[in-house]
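Please look through the sequence and the model shown here, and then follow the topics in order.

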Amino acid sequence: MKRIYICSPFRAHGADELKRNIAYAQSLALRALECGNAPYAPHLYLPGILDDSKADDRVKGVLAGLRFLEVCDEIWVGAKHGVSEGMKKEIEFAKARNIAVRIHESEECANGESYTRNILKNANVTQKVTNAKNGIIP
């Protein structure tokens, strides 16, 4: 059973977009479970205990999520609704630690080949890992 970090948009410009983003993250986590994996989606529970509008709480949440990402086998990038700045930081963090970075593409699970593609070759992610103030552990 692989440990899968779920990376998808969270912040929204209104209640409908937030509901959509939460439902999308939930569907990715469920898909990971159905594929025999153990998903971790910090943006599905941390907003319930931290206030994302407070800088200190946001940094705590980002650092907690990244600490878990360090021990994950893969990061699944749900890019259906775009790739946010926070997602780019998570992707760079994973790349810097040689964690497999995959973009979710379809409903299937067969050997991981049919629903993912390697983002390392195909995504334009150039933001550098910087410091905790920017939400990344150096």
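Lys 88 and Glu 85 are three residues apart in helix H3 (residues 85-96), so about one helical turn separates them. Helices here are DSSP runs of H or I with at least four residues, strands are runs of E with at least two, and both are numbered from the N terminus. This is a predicted model, in which local features need pLDDT of at least 70 and side-chain atom pairs count only at pLDDT 80 or more, while totals for chains, interfaces and linings use all residues. Residues are numbered from 1 along each chain as its sequence is written, and side-chain values use heavy atoms, with hydrogens and water left out.

- Side chains of opposite charge can pair when their charged atoms come close.
- Between Lys 88 and Glu 85 there is a salt bridge, with the closest N and O atoms 3.2 Å apart; the term stands for a side-chain nitrogen of Lys or Arg within 4 Å of a carboxyl oxygen of Asp or Glu.
- By this rule the count comes to ten salt bridges.
- Lys 88 is partly exposed at 24% relative accessibility, and Glu 85 is partly exposed at 46%, where buried means under 20% relative accessible area, exposed means over 50% and partly exposed lies in between (1.4 Å probe, protein chains only).
- Lys 95 is partly exposed, with a relative accessibility of 27%, whereas Glu 92 is buried, with a relative accessible area of 11%.
- Lys 95 and Glu 92 are three residues apart in H3, so about one helical turn separates them.
- Salt bridges with shared partners also join Lys 2, Glu 74 and Arg 102 into one network.

- Lys 2 belongs to the segment before strand E1 (3-7), and Lys 2 is partly exposed at 40% relative accessible area.
- Its C-alpha atom is separated by 7.5 Å from that of Cys 72, although Lys 2 and Cys 72 are 70 residues apart along the chain.
- When residues up to four places away in sequence are not counted, Lys 2 touches Gly 36, Asn 37, Ala 38, Asp 73 and Glu 74, a contact being heavy atoms within 4.5 Å.
- The side chains of Lys 2 and Glu 74 meet in a salt bridge of 2.8 Å, N to O.
- Glu 74 lies in strand E3 (residues 74-77) and Lys 2 in the segment before E1, so this pair ties together parts that are 72 residues apart in sequence.
- Glu 74 counts as buried, at 6% relative accessibility, and its contacts beyond four places in sequence include Arg 3, Ile 4, Tyr 5 and Arg 102.

**Strand pairing and crossover**

- E3 and strand E4 (residues 100-104) pair in the parallel sense over four bridges, where pairing requires that DSSP finds at least two bridges between two strands.
- Trp 76 stands opposite Arg 102 in E4.
- From E3 the chain crosses through H3 to E4, and this β-α-β crossover is right-handed, a word used if, with the strands pointing away from the viewer, the path from the first strand over the helix to the second runs clockwise.

**Nonpolar cores**

- The largest nonpolar core has 15 residues, and those with the most contacts inside it are Tyr 5, Cys 7, Leu 69, Ile 75, Val 77, Ala 94 and Val 101; such a core is a set of buried Ala, Val, Leu, Ile, Met, Phe, Trp, Tyr and Cys residues joined through side-chain atoms within 4.5 Å.
- At least two residues of this core are supplied by each of E1, helix H2 (55-69), E3, H3 and E4.
- H3 gives the largest share of this core, four residues.
- Apart from this core lies another, of eight residues, among them Ile 4, Ile 6, Tyr 24 and Ala 29.
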